[in-house]
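Me: I would like to learn how to read a few features of a model, one at a time. Please give the general idea and then the case at hand.

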Amino acid sequence: KNYEEKEVLKGINYTFESGKIYGLLGRNGAGKTTFFNCINRDIDIDAGAFYFRDGEGEKISLEPEDIGYLVSTPTVPEFMTGREFLKFFLEVHEEIKPDKSIDEYFDYMMIPEEDRDSLLKDYSHGTKNKMQMLLNIIASPKLMLLDEPLTTLDVVIAEEMKKVIRSQKKGRITIFSTHLLDVAVDLCDVIVLLNHGRLELIDKNDLGDDDFKRKIIEALKDQNDD
């Protein structure tokens, strides 16, 4: 992916496996959101393709309904209550067959009872983020893109969100972008570094080695200087 003369993503070739949480690690401005926007078709790519492979190795195209996308700054209809918004979402998406009641979904996301019938405009940033995550969970996509969803959350809500993300990894590919190494180590099964426009696998077994951590940090610093 290029922006005029600047090559942001440089021939990335990577296979993500279902049932794992991948930490996409990179400094702010490294191209993590660009990578997600390319997958989600929010922007055009200059070359290449994204696809699934089935059990026999056959290529299957990604369709919009296959992708869930959680951004760090959620946008919600602030004139609705949480309950109205969730009910509206289910009515619009008739193809979705919910396996829980609305209150059971709220319970699952640990959304306080006093917030459920309050206007979304009065929700905290963290609770709006939970609502956004809940819609993606109900839609049950094969691929979940999480773009720095924990960066601005308080410690309690961040831990609650981690618990939900871990519980949802079975049967789907989850890619979690972050610029925080400790978050990636704590949450993710696999860590890949977006460095100079390419993806590099990081062996988590090496992360106990201070010298190895320093090398990653130096790589990120160099990347930020470009």
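Me: Which residue forms a salt bridge with K130, and how far apart are the closest N and O atoms?

Reply: The general idea comes first. Side chains of opposite charge can pair when their charged atoms come close. In this predicted model, the partner of K130 is E160, with 2.4 Å between the closest N and O atoms. The two residues belong to distant parts of the chain, 30 residues apart: K130 lies in helix α4 (residues 125-139) and E160 in helix α5.

Me: Is K130 buried or exposed?

Reply: K130 has a relative accessibility of 3%, so it counts as buried.

Me: How many salt bridges does the model have?

Reply: The count is 14. One of them links D107 and R116, whose closest N and O atoms are 2.6 Å apart.

Me: Which residues do salt bridges with shared partners join into one network?

Reply: The network consists of R83, D103, D107, R116 and D117.

Me: What is the N to O distance in the salt bridge between D99 and K100?

Reply: For D99 and K100 the distance is 3.8 Å. Here D99 is exposed, with a relative accessible area of 61%, and K100 is partly exposed at 33%.

Me: Next, a lysine in a helix. Where is K32 found, and is K32 buried or exposed?

Reply: K32 is found in helix α1, which covers residues 32-39. Its relative accessibility is 5%, under the 20% limit, so K32 counts as buried.

Me: What does the side chain of K32 make a polar contact with?

Reply: The partner is the side chain of E148, at 3.4 Å. Leaving out residues up to four places away in sequence, K32 touches L24, L25, G26, R27, E148, S177, T178, H179 and L194.

Me: How many residues of α1 are buried?

Reply: Seven of the eight residues of α1 are buried, and the helix is mostly covered. The buried residues are K32, T34, F35, F36, N37, C38 and I39.

Me: Which residue just after α1 takes a positive phi?

Reply: That residue is R41, with a phi of about 65°.

Me: Turning to strands, how many residues of β8 are buried?

Reply: Six of the six residues of β8 are buried, so the strand is largely enclosed by the rest of the structure. To read this by face, take the two sides in turn. On one side are I173, I175 and S177, on the other T174, F176 and T178, and all of these are buried.

Me: Which strands do bridges join to β8?

Reply: Strand β3 (residues 21-25) runs parallel to β8, joined to it by five bridges. Within that pairing, L24 has S177 as its bridge partner. Strand β7 (residues 143-147) is also parallel to β8, again with five bridges. In β8, T174 stands opposite M144.

Me: Where is Q168 found, and is Q168 buried or exposed?

Reply: Q168 is in the loop between α5 (155-167) and β8 (173-178). A residue in a loop still has to be judged by its accessible area. For Q168 the value is 15%, which is under 20%, so the residue is buried. Apart from residues up to four places away in sequence, Q168 touches Y108 and I137. T178 is ten residues from Q168 along the chain, and their C-alpha atoms are 18 Å apart.

Me: Last, the whole chain. How many helices and strands does the protein chain have?

Reply: The protein chain has seven helices and ten strands. Its radius of gyration is 18 Å, close to the 17 Å given by the globule rule for 226 residues, so the chain is as compact as a globular protein of that length. The C-alpha trace spans about 50 × 40 × 35 Å along its principal axes.

Me: What share of the residues counts as buried, and what does the surface consist of?

Reply: Of the 226 residues, 44% count as buried. The chain exposes about 12500 Å², with carbon and sulfur atoms supplying 47% of that area.

Me: What share of the contacts with a separation of 6 or more comes from residues 24 or more positions apart?

Reply: Residues with that spacing account for 70% of those contacts in the protein chain.

Methods
Residues numbered from 1 in each chain as written. Predicted model: local features only at pLDDT ≥ 70, side-chain atom pairs only at ≥ 80, totals over all residues. Heavy atoms only, no water. Helix = DSSP H or I, 4+ residues; strand = E, 2+ residues; numbered from the N terminus. Buried < 20%, exposed > 50% of the residue type's maximum accessible area, 1.4 Å probe, protein only. Contact = heavy atoms within 4.5 Å. Salt bridge = Lys/Arg side-chain N within 4 Å of Asp/Glu carboxyl O. Polar contact = N/O pair within 3.5 Å; in protein donor to acceptor, adjacent residues only side chain to side chain. Rg over C-alpha atoms; globule rule 2.2 N^0.38 Å. Areas by Shrake-Rupley, 256 points an atom, 1.4 Å probe, with all protein chains shown as cover. Pairing = 2+ DSSP bridges.
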